[in-house]
Amino acid sequence: MSLDQKTRDELREIAARYPEARSGLLPMLHLVQSVEGRVTPEGIEACAEVLGISAAEVNGVATFYTMYKRKPVGDYHVGVCTNTLCAVMGGDLIFERLKDHLEVGNDETTEDGTITLEHIECNAACDYAPVMMVNWEFMDNQTPESAVQVVDDLRAGNEVHSTRGPRLCTWREAERVLAGFPDDRADEGPAAGPASLAGLRIAREKGWTAPAGESKGESK
Amino acid sequence: MTDTLTPVLTDNWDAERAWTLASYEERGGYAALDKAFAMAPDDVIAAVKESGLRGRGGAGFPTGMKWGFIPQDNPKPKYLVVNADESEPGTCKDIPLMMASPHTLVEGVIVSSYAIRANTAFIYVRGEVLHVIRRLQRAVQEAYLAGHLGKNIHGSGYDLDLIVHAGAGAYICGEETALLEGLEGRRGQPRLRPPFPAVAGLYASPTVINNVESIASVPSIIVNGPAWFAGMGTEKSNGFGIFSLSGHVANPGQYEAPLGITLRELIDLAGGMREGHELKFWTPGGSSTPLLTPEHLDVPLDFEAVGAAGSMLGTRALQLFDETTCVVRAVLRWTEFYKHESCGKCTPCREGTWWLTQTLARLEKGQGSEADLDLLLDQCDNILGRSFCALGDGATSPISSSIQYFRDEYLAHLTHGGCPFDPAASTTFPSLSDTAAGATA
């Protein structure tokens, strides 16, 4: 089935954001995933048509980046960091537990289509290890038990919040934000988690600051 | 005497709704704009040069000098691209910065773009951080509405458009020319240099690419003066930086301090190593920087001293591992990462990381022989300095440094017939996993 007119218009809208249209290809493929649930041949054709390049060129890009999926993704993409630090801190055991619990292997989707499980690389939250991502939202300081609880809640349709962000949306909705069409959740969640503030808290307690600058008498 | 910790970039992270324009402006945010617009662009560049700010993305190249390389007589448009593709294992400073205070980055983008005379700027942020992207999108939208972005900013006659661009999962795009390929809608493979991006970067136009923390530091330099910045840190490594502690430390997290603080001081601030354990090995600046050991606890964490100790300051990503951790397992996992992320463009990296993984995996299982250690070092020798970009070089760092410091531990795998460590003991839930997995300590 070919993409609808609204999606085609939005693909053109993305390309128009840039000085050169082809720069829009990465967000355009995110939009394709938000509509199709994966990168489909139809989505590739549509991107190629908008940008005036070959489908092969689009395909070459789509196969290079790990966030683009060729198989249908579930409602929730669950990524467990198994890069060294998270793996050592417990990520390996969390990933094993989730594979058993969900009865899927790496990069596979549960039969009910809710959860796609994948082990992922470092997601820049090492001070919250072991880290799990759900639709690329942070689930910090996980244990095998907490991770199982998260996927059970998601499968039961319960509302789940990121530990350092908003209530979780679906994977397709997340892909739409990545395509540059914001949702209304920017103001949800805290500014920073506890580990992000570890040094600042000590500085506050001790009265430590950066020196005063030239323009102000007070210390900043 | 400067205080031990010097919160500047992190200073507003505990503010109520710190990510909003209202909160940021209430604390004096966007004050750098008018001050910069009253200066000639070249004087802004001179101020950043004078501050001694060096790139915070790992390489430590002087930021002002980089800006000075832009040929202003080139008639093509100039571009600023912020490298927000934070993916180096252990590195976790830019993501919390953009989550808590995206306006610090936006303000830095405006001042920096003005200095290099760019009218279009991009923030290339990795795609795997949805909420950070939301906060950036919102901050840019707020900045446009407030007249900090767009046409004739603050009545200065200066125009700037800022585009938030989400990547799609590729460690290699942290390499600046691969990032440009991604931003041009192509596979993220590095480009041959020269020409350098300053001469022919995005769309073959003069382009500056800087790390998030580098650009975010610029407003404070303009507001407080270059001497203020240069007054912190060490002789050749000026200013402050965010030090990210992770792993087996009591209180992991972000600690903003003058460059030159030591790991011993940082671990003390973080409440020591976790109860009953001691430091075994650590990375000073991500997995691509050679491992260090407790003998390096008093090395000043600046570019020169860490270099002299045989490693690199990198991104100040301090991953700390205690005596429960198997260094062979740790190094194998990093090596698998480099193999996975190798872009495939050059043979030494594409094939070399594959061979490294094979050899290491065999050792980790207690198979192979002592000669495999020499084989590994030989493989490293064929990758380091022979790869197209720094990814291949980085892949060799954990291997050669771990063999240097922990040769006996590799051999123990051979005599033990496998890994002599209990992986459950190094987790954050050792007692839980004991019960769950039935493991014995």
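Predicted model: local features only at pLDDT ≥ 70, side-chain atom pairs only at ≥ 80, totals over all residues.

Trainee: Got it. Which residues in α2(A) do Thr7(A), Glu10(A), Leu11(A), Ile14(A) and Ala15(A) meet?

Mentor: Those five sit in α1(A). Across from them, in α2(A), the partners are Pro27(A), Met28(A), Leu31(A), Val32(A) and Val35(A).

Trainee: Are α1(A) and α2(A) roughly parallel or roughly antiparallel?

Mentor: Two packed helices are described by the angle between their axes and the distance between the axes. Here α1 (residues 5-15) and α2 (residues 25-36) of chain A have axes that come within 9 Å and cross at roughly 160°. Angles over 145 degrees count as roughly antiparallel. So α1(A) is, relative to α2(A), roughly antiparallel.

Trainee: Let's zoom out. How many helices and strands are there in chain A?

Mentor: Read the elements from the N terminus and you get α-α-α-α-β-α-β-β-β-β-α-α-α. That makes the tally for chain A eight helices and five strands.

Trainee: What percentage of the residues in chain A is buried?

Mentor: The C-alpha trace of chain A spans about 65 × 55 × 30 Å along its principal axes. Among its contacts between residues at least 6 apart in sequence, 61% join residues at least 24 apart. Of the 220 residues in chain A, the buried share is 60%.

Trainee: How many residues of β1(A) are buried?

Mentor: In a regular strand the side chains alternate between the two faces of the sheet. In β1(A), Tyr76(A), Val78(A) and Val80(A) point one way, with His77(A), Gly79(A) and Cys81(A) pointing the other, and all are buried. For this strand, residues 76-81, the count is six of six.

Trainee: Which residue in β4(A) stands opposite Gly79(A)?

Mentor: β1(A) is joined by six bridges to β3 (residues 115-120) of chain A, running parallel, and there Cys81(A) has Ile120(A) as its bridge partner. With β4 (residues 132-134) of chain A, β1(A) pairs in the antiparallel sense over three bridges. In β4(A), the residue opposite Gly79(A) is Met133(A).

Trainee: On to chain B. In the open sheet with parallel pairing, which are the edge strands?

Mentor: Four strands make up this sheet, in the order β3-β2-β1-β4 of chain B. Neighbouring strands are turned by 20° against each other on average, direction ignored. Those that pair on one side only are β3 (161-166) and β4 (207-211) of chain B.

Trainee: What does the direction of α6 of chain B make with that of β1(B)?

Mentor: β1 (residues 78-84) of chain B pairs with β4(B) in the parallel sense over five bridges, and Leu80(B) stands opposite Val208(B). Helix α6 (residues 102-116) of chain B packs on the sheet and touches β1, β2, β3 and β4 of chain B. Its direction relative to β1(B) is about 150°.

Trainee: Last one: which residue in β8(B) stands opposite Phe281(B)?

Mentor: Chain B has an open sheet of mixed pairing, in the order β6-β5-β8-β7, with β6 (253-258) and β7 (279-283) at its edges. Four bridges join β7(B) to β8 (residues 317-322) of chain B, and the two run antiparallel. Opposite Phe281(B) stands Phe321(B).

Technical notes:
Residues numbered from 1 in each chain as written. Chains lettered and ligands numbered in written order. Heavy atoms only, no water. Pairing = 2+ DSSP bridges. Axes fitted to C-alpha atoms, helices over the stretch in contact; angles between N-to-C directions. Parallel < 35°, antiparallel > 145°, perpendicular 65-115°, else oblique. Contact = heavy atoms within 4.5 Å. Buried < 20%, exposed > 50% of the residue type's maximum accessible area, 1.4 Å probe, protein only.
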